[in-house]
Amino acid sequence: ALAPQLERLASEQAEAARAAEAAAAALAALPDPEAAIAEYDAAARAENAAAAAETAARDNRAEADMALQRARGEASRLAAAAARAESRLEALAPQLARLTAELAEAKAALDAAAARDLPDVAG
């Protein structure tokens, strides 16, 4: 009468032994807790370094954007100054042409006077 119960208990004992072996194998496959903690700490340090690098990159980007805005403002100011200078040159061009013509006339008159044999009135 006890034979079926003994067989069932033996079967359950074998099943429990197999489960214990599987649990032991699974436990053995787990990494060492110290190694896992070290790996976690390394990952946390890497994450902090990446966050710091991202912050630095954002700061550098902001500085570059400000420098670009300053450069654009300076370029705009220089373009306006160049336009004013060009306008002044265009306004002075007729005067330059007139003075150049007057200079040529004066040189021609001087050359003509030198070519004539004028008496020395100085002395």
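Colleague: Which residue forms a salt bridge with arginine 98?

Modeller: Glutamate 102 does, and the closest N and O atoms are 2.9 Å apart. Keep in mind that this is a predicted model.

Colleague: How should I read the spacing of such a pair along a helix, and where do arginine 98 and glutamate 102 lie?

Modeller: An α-helix has 3.6 residues a turn, so residues three or four places apart point the same way. Here, arginine 98 and glutamate 102 are both in helix 2, four residues apart, or about one turn.

Colleague: Which residue forms a salt bridge with arginine 77?

Modeller: Glutamate 74, with 2.5 Å between the closest N and O atoms.

Colleague: Is arginine 58 buried or exposed?

Modeller: Exposed means over 50% relative accessible area. Arginine 58 has 56%, so it counts as exposed.

Colleague: What span should helix 2 have, judged by its residues?

Modeller: Helix 2 covers residues 33-115, and at 1.5 Å a residue its 83 residues should span 123 Å. The end C-alpha atoms are 113 Å apart, which agrees.

Colleague: Where does helix 2 have a kink?

Modeller: At leucine 92, shortly before proline 94, with an angle of about 35°.

Colleague: Which residues form a nonpolar patch on the surface?

Modeller: Leu2, Leu6 and Leu9, with about 320 Å² of accessible area together. Leucine 9 belongs to helix 1, residues 3-29, and its relative accessibility of 47% makes it partly exposed.

Definitions and conventions: Residues are numbered from 1 along each chain as its sequence is written. This is a predicted model: local features need pLDDT of at least 70, side-chain atom pairs count only at pLDDT 80 or more; totals for chains, interfaces and linings use all residues. Side-chain values use heavy atoms; hydrogens and water are left out. Patches are made of residues with over 30% relative accessible area and no salt bridge: like charges are joined within 9 Å, nonpolar side chains (Val, Leu, Ile, Met, Phe, Trp, Tyr) within 5 Å. Accessible areas come from the Shrake-Rupley method with a 1.4 Å probe; for residues, only the protein chains shown count as cover. A salt bridge is a side-chain nitrogen of Lys or Arg within 4 Å of a carboxyl oxygen of Asp or Glu. Helices (H or I, at least four residues) and strands (E, at least two) are DSSP runs, numbered from the N terminus. Buried means under 20% relative accessible area, exposed over 50%, partly exposed in between (1.4 Å probe, protein chains only). The expected span of a helix is 1.5 Å times one less than its number of residues. The bend at a residue is the angle between axes fitted to the seven residues ending there and the seven starting there.
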